[in-house]
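Please read the report below alongside the sequence and the structure, and look up each residue as it is named.

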Amino acid sequence: MSKKALETLTESMFYVLMALRHADLCGTEIAEAVERKTGGRVRLGPGTLYTLLGSFGEKRLIEEIALDGRKRTYHITAKGIGAYEDELTRLRQCVADADKEAAP
Amino acid sequence: MIKYIPYRSWEPDAVETWLTDQAAKGWELVDITLHFGQFRRTAPKRVRYRLDRQVLGRLTRAEEEYLALCKESGWDFVCNLGDCYVLRTEDENAVEIQSDPALYLEGLEKALRGKIGWSIFILILLGFTIAGLAMFFRRDGIAYRLVELGFLSFVNQFVFCLAAALLFPLEIVTVIRIKKRIKDGTVDRHFHRSPRAARLRAVLVPLLILTLILDVVHPGYSNIHRGDSLSDEVIAALPFATLRDIDPAGAAKIAAQSREPHSELKLVLYDYCTYRNLPMPAYYSVSETIDTWKKAGVNQYETVSRTGCAFYYRKLWSENLARDYLSDQLTFHADGCDYETIAYPGFDEVWYGLDADSNQSLWLRRGDTLLEVYSLDSADLREYLDIFAEKLS
């Protein structure tokens with residue numbers, strides 16, 4: 001079953017927001033940042049990346065702040081930071097729950 | 001080489017697999033126009049094709065940026081299919097265009113929503129066609145009249161109905177299968193559809209479109225001329241005698257009146273219509289009459305006098321149909337009018353009638369051809385049978 005967009009972030013969504021958390025980046029830089037941060041485990045396809053950028057833009061999680069040639073630079077909004085933090089808290093809770101479950 | 005692409009953009013994996021198979025056979029996609037792919041011959045290759053639905057706007061910076069990122073990721077843009085970008089790579093390690101399975105399935109679901117509208121459209125057309133065909137076989141039904149008058153071609157309708165009837169279940173089954181995949185979360189990028197169904201669709205869809213065009217859009221289906229467009233050349237080309245042949249002075253008077261500005265007390269009807277199908281039947285209607293009116297109250301007029309003739313010419317599908325049609329018409333018009341049959345060489349049937357208002361009717365049948373004449377003039381139509389016989393073809 002597919003996840004309903006933006007209610008719970010998928011892995012790709014989470015990493016795109018993470019990449020923009022501390023820097024404003026263009027599409028290529030986001031893809032490179034995600035690959036670098038995950039050690040190559042997560043590679044964003046161009047279709048996925050542009051679907052996400054469009055969807056995040058509509059939901060005002062990110063905004064376009066600069067246009068240089070054909071490259072557009074994106075900036076994460078306060079709402080985007082909130083969505084990222086919420087997901088991070090949820091994931092931390094999941095890991096904590098799993099750790100408690102694994103403890104003797 | 002032009003090939004019809006037998007799958008829709010809303011089942012992208014089927015298109016992708018089909019294009020990949022074509023490349024393996026040595027056919028490389030160059031462009032797509034209206035679902036027909038243009039291919040060029042190459043050596044057989046292992047190529048991955050992907051259809052990616054993006055709302056970027058054609059020739060925008062967003063599109064440029066997207067295609068540049070595709071290129072950097074190892075994907076070459078080929079062309080567009082509907083709202084999808086068709087991309088190709090020979091690099092086995094190139095990252096998937098849609099790398100997030102959840103988003104990929106969500107995209108499939110979105111694409112399918114538009115598809116349901118198409119299925120309903122086909123269902124409605126199918127319903128209309130079946131109803132029309134059912135009525136066709138009922139004498140005097142609407143479809144019977146339409147076909148007889150030449151608005152619709154029976155063969156065209158039958159082919160459309162057959163194509164729609166076969167295509168509709170095929171589309172529904174495909175939609176159900178895709179919905180099941182979305183529900184199950186199955187991401188299978190090498191999803192093979194039935195080649196038999198693809199071949200069937202490759203024949204049915206163009207057939208459906210062709211019949212629709214013939215039925216609705218074809219500009220040669222009917223010609224309607226009004227007023228002054230009833231020129232001497234048009235009249236001379238008619239396959240039957242008109243007022244000009246039997247009463248040249250009366251016809252000249254009407255022609256002169258038709259060129260004068262109309263007043264509220266005079267109405268000149270001077271029409272000529274044809275409806276024709278390919279290749280049959282044909283229907284012509286010519287009305288050469290003048291009505292004079294007088295005011296009988298606010299916005300009310302009454303006819304003072306009428307003169308002239310109306311002609312209806314029909315060439316039907318068969319002699320039997322023409323005979324039945326004439327029989328129906330005589331029954332329909334029999335109320336208040338006595339018909340007499342006249343034996344006349346050159347016609348299979350001749351019927352003449354005179355009603356209480358001294359209006360004359362004449363019915364002439366030769367094989368599958370009928371001429372129906374209504375005269376508001378005092379001249380006896382029976383005196384012109386030789387002129388009608390000579391010109392009727």
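In this predicted model, 23 residues of chain A are in contact with 28 residues of chain B, two residues being in contact if their C-beta atoms, placed from the backbone, lie within 7 Å. On the side of chain A that touches chain B, the elements giving two or more residues are α2 (27-37), α3 (46-58) and β3 (71-76) of chain A; helices (H or I, at least four residues) and strands (E, at least two) are DSSP runs, numbered from the N terminus. The largest share of this side, seven residues, comes from α3(A). By residue type, the side of chain A that touches chain B divides into eight nonpolar, 10 polar and five charged residues, where Ala, Val, Leu, Ile, Met, Phe, Trp, Tyr, Cys and Pro count as nonpolar, Asp, Glu, Lys and Arg as charged, and the others, Gly among them, as polar.

Residues are numbered from 1 along each chain as its sequence is written, while chains are lettered from A and ligands numbered from 1 in the order in which they are written. Because the model is predicted, local features need pLDDT of at least 70 and side-chain atom pairs count only at pLDDT 80 or more, whereas totals for chains, interfaces and linings use all residues.

Within chain A, the axes of helix α1 (residues 11-21) and helix α4 (residues 78-102) come within 10 Å and cross at roughly 120 degrees. Axes are lines fitted to C-alpha atoms, for helices over the stretch in contact, and angles run from 0 to 180 degrees between N-to-C directions. α1(A) and α4(A) are therefore oblique to each other, given that angles under 35 degrees count as roughly parallel, over 145 as roughly antiparallel, 65 to 115 as roughly perpendicular and the rest as oblique. The table lists the residues that make this contact.

| Helix | Residues in the contact |
|---|---|
| α1(A) | Phe14(A), Leu17(A), Met18(A), Arg21(A) |
| α4(A) | Gly80(A), Ala83(A), Tyr84(A), Glu87(A) |

These residues divide into five nonpolar, one polar and two charged.

Turning to chain B, its secondary structure comes to 11 helices and 14 strands, and buried residues make up 29% of its 393 residues. Glu288(B), found in strand β9 (residues 282-297) of chain B, counts as buried because it has 26 C-beta neighbours inside 10 Å; a residue is buried if 20 or more other C-beta atoms lie within 10 Å of its own, exposed if 12 or fewer, and partly exposed in between. The C-alpha atoms of Glu288(B) and Gly308(B) are separated by 5.5 Å, although these residues are 20 apart along the chain.
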